[in-house]
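Here is a short report for a reader new to this structure. Keep the sequence and the model in view while reading.

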Amino acid sequence: MNDTVSLLEARDVMKYFGDDRRPVLEHVSVELNQGEFVALLGPSGSGKSTLLRILAGLMKPSSGDVRVHGAPLDGPNPNVAIVFQSFALFPWLDVLQNVELGLLSIEMSDDDRRQRAVKAIDLIGLDGFEEAFPIELSGGMKQRVGFARALVVQPEVLFMDEPFSALDVLTAENLRTELQDLWLAKTMPTKAVVMVTHNIDEAVSLADRILVFGANPGHIRVELKGLPPSDRTTKSAARARLVELIYRIMTNPDDDAMAIVEHSQLDRPRAVASPRAGRRPAPARARRYQVLPDVGIDDVTGLVQYIGGIGGHAAVHDLSRDLQMRTDDLLSIVEATNLLGFGALQDRQVVLTPIGTRFADSELDEEKAIFRAQALDHIALLHHIVRDLETTPTHTLEAERVIDQLEHSFSGEEARRQFETAVDWGRYAELFTYDDSSGELTLDEEHRPT
Ligand SMILES: Nc1ncnc2c1ncn2[C@@H]1O[C@H](COP(=O)(O)OP(=O)(O)OP(=O)(O)O)[C@@H](O)[C@H]1O
Ligand SMILES: [Mg+2]
């Protein structure tokens, strides 16, 4: 097999439905290579499932073509198996029979079929459930059957269309982790995976490459490189930045995605524009809160003081070397510095503002006062927390209430992270105290803003 030929490829695919030839996919080109995990994100109706069906050969494109190892595809793609959101199990068949169904179109003896099904069932953690019927199974176990039925054919390429979205959060997390382990350990014979998801965190956790779709008609807005596996853990700053970037792209569906990418990644562009990514400027939607980078306040104040001490400006490259920090970690701190109004990135230099310079030159008391004023003025979340604390008679606030509100703007995990960052900054500013055990914020009486 020639390594340079992709496993599967769509070339300039167009798809129309109905007599009015309503376009659903426009100029979609995508290539799938060996070893890749690709995530498709995008709004409802942007043609993600349609593209999967076309790549699986279950549907013909209106124009353009699909190639498997470079050869045109005509009819169902035997190298692909699909896991659906809805499980798609037959209720009158038990687990083993449901899994065997995946092998129906392949010529083999009953014994071989049974053996392979049993192996797939073991692999996916369904051991002991062979004779159970779908109605007896929880959602998570049903989806395991869906996975086993797809994997039993040992597909070269596995498609998953929102495989976890019908499951509750913990079950989804559990199954996602198991799947990731199987994939990373190369226990599956599968050479590439394509997953449709609505969940940014999920895409960032799993994918080597992320395609963001736009709608009306469906097209690829932008293609983003995923994180190296070591950065996919929840804590990494690189991860937080990628999640934020995708969030920003998806919440600004009418903006040019490449421009958003360029704006946010000042050190080096990591994204590749898609051919369709035309510039369609439109007013950005107002969002209630900025995205606070996941950095501790000591790092922010430390950086401002350091730069203050060396003349008020420094090249990112030099800072990274002298402070022995990775560029993306450093840029997260610079972003925090910028949000607080202490400094800005100008042509690869971090330059302190006048207030940043004053902050760097101040003694502790004045330093705190400056920080407090900047935080209240510039950080919407802190401003709102303090306003709520002032207006409640007890001057206290439950953390969960704040997090609930944040969940309108952020995913659950990200909402919590935003809260924790705000608490870190707000405590330093002596705006409020926070009791971890009771989960309660209390207004700082002494420094109550007027
Ligand atoms: N067989 C069909 N006949 C007519 N229209 C269809 C057909 N299949 C899909 N569509 C339309 O094509 C568009 C894209 O649908 P598709 O299911 O591919 O979107 P999607 O991105 O997967 O959305 P979701 O996130 O909601 O699953 C939708 O407007 C849908 O109504
Ligand atoms: Mg779909």
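## A strand pair and its sheet

K15 stands opposite L25 in β2. The two strands here are β1 and β2. Strand β1 covers residues 8-17. β1 and β2 pair in the antiparallel sense, over seven bridges. This is a predicted model.

The pair belongs to an open sheet of four strands. The order is β2-β1-β4-β5, and the pairing is antiparallel. Which strands form the edges? They are β2 (22-32) and β5 (71-72), and each pairs on one side only. A helix packs on this sheet: α1 touches β1, β2 and β4 (63-68). The direction of α1 makes about 120° with that of β1.

## Helix α1

Helix α1 spans residues 48-55. Is it mostly covered or mostly open? Mostly covered: seven of its eight residues are buried.

G57 follows α1. Its phi is positive, near 75°.

## The largest nonpolar core

How many residues make up the largest nonpolar core? It holds 118. Of these, A148, V212, I246 and I385 touch the most other members. Helix α7 (residues 237-251) gives the largest share, seven residues. Domain 1 (8-264) and domain 2 (297-443) both contribute residues, so the core lies between them.

Take A148 as an example. Neighbours within four places in sequence are left aside here. A148 is then in contact with V99, A120, I121, I124 and L126.

## Helix α16

Helix α16 runs over residues 412-428, 17 residues in total. From its first C-alpha to its last it reaches 25 Å. That is close to the 24 Å expected at 1.5 Å a residue.

Which residues of α16 are buried? They are E414, R417, Q418, F419, T421, A422, V423, W425 and G426. After α16 comes E430, whose phi is positive, near 60°.

How values were computed:
Residues are numbered from 1 along each chain as its sequence is written. Chains are lettered from A and ligands numbered from 1 in the order in which they are written. This is a predicted model: local features need pLDDT of at least 70, side-chain atom pairs count only at pLDDT 80 or more; totals for chains, interfaces and linings use all residues. A nonpolar core is a set of buried Ala, Val, Leu, Ile, Met, Phe, Trp, Tyr and Cys residues joined through C-beta atoms within 7 Å. A residue is buried if 20 or more other C-beta atoms lie within 10 Å of its own, exposed if 12 or fewer, and partly exposed in between; C-beta atoms are placed from the backbone. Domain bounds come from an automatic or database domain assignment. Two residues are in contact if their C-beta atoms, placed from the backbone, lie within 7 Å. The expected span of a helix is 1.5 Å times one less than its number of residues. Two strands pair if DSSP finds at least two bridges between them. Axes are lines fitted to C-alpha atoms, for helices over the stretch in contact, and angles run from 0 to 180 degrees between N-to-C directions.
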